[in-house]
Amino acid sequence: MKMDIKEDVEGGKQKGIREPLIGEQNNQLVHANKDHHHPWMVYFTTFIAVCGSYEFGACAGYSSPTQEAIRKDLSLSLAEYSLFGSILTFGAMIGAITSGPIADFVGRKGAMRVSSAFCIAGWLVIYFSEGPVPLDIGRLATGYGMGVFSFVVPVFVAEIAPKELRGALTTLNQFMIVTAVSVSFIIGTVLSWRALAIIGLIPTAVLLLGLFFIPESPRWLAKRGHAKDFVAALQILRGKDADISEEAGEIQDYITSLEQLAKPKVLDLFQRRYLRSLTIGVGLMVCQQLGGINGVCFYTSSIFDLAGFPSATGSIIYAILQIVITGVGAALIDRAGRKPLLLVSGSGLVAGCIFTAVAFYLKVHDVAVGAVPALAVTGILIFPVNIKGQAGSIATLVNWFGAWLCSYTFNFLMSWSSYGTFVLYAAINALAILFIAVVVPETKGKSLEQLQAAINA
């Protein structure tokens with residue numbers, strides 16, 4: 001079956017592919033170059049896929065603008081709402097862990113359908129909730145869908161994109177997440193919490209409809225041995241007149257070489273040669289999640305209220321700033337390198353925590369109270385947006401567990417000491433900067449093999 005793929009491509013047997021006559025070669029080359037520069041089907045397919053990223057952001061951004069209204073309407077205690085806000089990440093942890101097997105078994109499109117179904121069910125349960133239990137069930141379901149999306153969308157986009165567009169298209173994943181969080185913050189200031197839940201259905205509706213018009217991942221089809229479907233999907237993505245023989249051959253050779261490798265076991269990760277890689281992956285996840293960003297993201301409105309700043313205005317400013325920062329970060333990441341941006345991001349978190357801690361300290365001790373709102377807003381706006389990178393299963397588990405721990409404990413920490421909370425986060429982020437500076441290597445300009453060699457040196 002695998003040989004059929006290469007034979008179909010190289011022999012020109014697939015419908016729509018044939019050996020050009022001598023006189024037609026120039027025309028075909030022009031058409032191929034035209035499709036190479038204008039692969040509209042790749043853009044359309046990516047747009048449909050990143051609707052899942054938008055849904056991810058809609059789920060993450062829901063709890064901040066709705067906290068006061070939900071607690072009032074359903075008479076929830078602080079502990080009950082903290083569970084509602086944080087249980088999303090617990091569902092996402094389960095979704096992220098199971099997303100790989102699901103995507104391998106039913107395909108990338110099938111995994112996105114499964115994820116959409118959980119999100120739709122979750123939003124509807126939240127909409128009709130009259131108490132904390134159904135509210136938590138709905139939030140858990142949307143979290144599971146969010147976790148699956150966090151894996152399958154960037155994988156799908158990377159697998160369908162030509163190599164010259166892969167970097168640009170994969171950045172759309174994070175940009176759509178941030179945009180959705182920001183939109184939720186903004187429209188959540190004017191819509192009821194039930195209406196905002198219904199709005200959460202829109203991205204999944206667009207995704208489910210769009211999946212009927214886009215091809216499955218060619219790489220997944222090749223891996224499953226669907227020769228004709230693989231060639232047809234790749235041809236659709238590259239254009240009907242494009243020559244796909246070279247790319248198809250490379251894909252099949254790569255998949256064949258992967259299948260010849262021994263399947264890795266979880267315990268293999270703890271061998272000495274992999275230990276530094278594991279330390280870097282898990283360490284970055286711990287630094288990212290325990291630095292407080294999820295607490296700020298999930299409960300932005302309540303922080304502004306506590307500081308005496310209008311929560312609606314603060315949330316809108318914060319939302320707009322997130323989009324700008326993410327856009328700038330996406331533009332600079334390949335030029336400046338990952339490590340410098342991580343260090344800048346960590347420094348911003350420390351500064352933001354210090355500003356916010358000082359603001360709440362002044363408020364608690366009734367000193368310069370007039371400066372408190374400005375200091376708190378400045379501190380929160382410095383917080384860089386949370387960028388969730390993909391990692392291995394252990395790092396992913398740590399990532400989502402850290403997200404749950406941060407979002408669940410945030411309100412309790414704020415009740416204990418508003419300024420002490422941000423002093424704690426500042427200390428964690430300062431340690432994160434030290435970890436990044438000493439342990440994490442730069443990836444700019446290095447191949448995967450060179451990077452692995454540098455890590456293991």
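## Starting at a loop

S75 counts as exposed, with 60% relative accessibility (exposed means over 50% relative accessible area, buried under 20%, and partly exposed in between, using a 1.4 Å probe and protein chains only). This serine is found in the loop between helix 5 (63-74) and helix 6 (78-127). Although S75 is not a glycine, its phi is positive, at about 55 degrees.

Before we go on, note that this is a predicted model, in which local features need pLDDT of at least 70 and side-chain atom pairs count only at pLDDT 80 or more, while totals for chains, interfaces and linings use all residues. Residues are numbered from 1 along each chain as its sequence is written, and side-chain values use heavy atoms, leaving out hydrogens and water.

## The whole chain

How many helices and strands does the chain have? There are 22 helices and zero strands (DSSP runs numbered from the N terminus: helices are H or I with at least four residues, strands are E with at least two). Of the 457 residues, 48% are buried.

Now look at S82, in helix 6. S82 is buried, with a relative accessible area of 0%. Leaving aside residues up to four places away in sequence, S82 touches Y299, Y408, N411 and F412. The C-alpha atoms of S82 and F410 are separated by 8.1 Å, although the two residues are 328 apart along the chain.

T98 also has its place in helix 6, but T98 is partly exposed, at 27% relative accessibility. Its side chain joins that of Y144 in a polar contact of 2.8 Å (a pair of N or O atoms within 3.5 Å; within protein, one must be able to donate a hydrogen and the other to accept it, and residues adjacent in sequence count only if both atoms are side-chain atoms).

## Rings in pairs

The whole structure holds eight aromatic pairs (rings of Phe, Tyr and Trp, the last by its six-membered ring, with centres within 6.5 Å; planes under 30 degrees apart are stacked, over 60 edge-to-face, and the rest tilted). Y127 and F128 form an edge-to-face pair, 4.9 Å centre to centre with 90 degrees between the planes.

F410 and Y425 instead form a stacked pair, 6.4 Å centre to centre with 5 degrees between the planes. F410 lies in helix 20 (residues 393-416) and Y425 in helix 21 (residues 418-439), so this pair ties together parts 15 residues apart in sequence.

Note on methods. Contact means heavy atoms within 4.5 Å.
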